[in-house]
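Let's take a friendly walk through a protein model, from the whole fold to a few residues. Have a look at the sequence and the picture before reading on.

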Amino acid sequence: IGSLITIESTNAFGLATAALHPGPTAGVIEVEVTVPGHPAITGYTYRVHTVYHVTPGITKISGDGQIAVVGRCLPQPLIVKAIDKNHDNEPLPGSEVRFEVIAGNAVLVKPTNMDKFADSDGLAGVQVIMTSEGSATIQASLWNNLEDKVTFTVSGKLPKIKKIQGQ
């Protein structure tokens, strides 16, 4: 759960000190203080409650740079991962992800296998339909940390019209 650094002697006032460095896991740490070789001095147990502090963040996983014919979905959904920046970018399942079109012309469509809430791996995604030719920018952020954002740039193209000879 952490580490404890002790000083094995006392200062001029008879006080000993120790520094407790809790690990990344929340819970209760018990530290027992004794004076070896002095059975008449009763030991004392300190209980330290540690808290798991989360700093939510978001990373782009896949979907950037795709092209679709106007009126059709991009080939793949835009996928992001909700992470805890304080704990080695561990996934944050259940995080609410906000997707929005911030430039260009596109419509966001929730696919059946994804949701605006991150799954057990911290992943969330959205399908995009391009509504005109050109590029669009889609931004994703977490509702509990709107400052941390990722952007995707995608493009729409007009369908190719094939001329059939003789008609």
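## Before we start

This is a predicted model, where local features need pLDDT of at least 70 and side-chain atom pairs count only at pLDDT 80 or more, while totals for chains, interfaces and linings use all residues. Residues are numbered from 1 along each chain as its sequence is written, and side-chain values use heavy atoms, leaving out hydrogens and water.

## The whole protein

You'll find zero helices here and 13 strands. (Helices, H or I with at least four residues, and strands, E with at least two, are DSSP runs numbered from the N terminus.)

Of the 167 residues, 28% are buried, and buried means under 20% relative accessible area, with exposed being over 50% and partly exposed in between (1.4 Å probe, protein chains only). The accessible surface is about 11,100 Å², and 54% of that belongs to carbon and sulfur atoms; such areas come from the Shrake-Rupley method with a 1.4 Å probe, and for residues only the protein chains shown count as cover. Now for contacts, meaning heavy atoms within 4.5 Å: among those between residues at least 6 apart in sequence, 55% join residues at least 24 apart.

Strands count as paired if DSSP finds at least two bridges between them. Three bridges join β6 to β13 (residues 145-157), and these two run parallel. As an example, A68 has G156 in β13 as its bridge partner.

## Two spots to look up

Start with S141, which sits in strand β12 (residues 134-142). Is S141 buried or exposed? S141 is buried, because its relative accessible area is 3%. Leaving aside residues up to four places away in sequence, S141 touches I58, E96, V97, R98, L146, D148 and K149.

Then find Y46 in strand β4 (residues 44-50). With a relative accessible area of 46%, Y46 is partly exposed. Together with V33 and Y44, Y46 forms a nonpolar patch on the surface, with about 320 Å² of accessible area in total. Patches are made of residues with over 30% relative accessible area and no salt bridge, with like charges joined within 9 Å and nonpolar side chains (Val, Leu, Ile, Met, Phe, Trp, Tyr) within 5 Å. A salt bridge is a side-chain nitrogen of Lys or Arg within 4 Å of a carboxyl oxygen of Asp or Glu.
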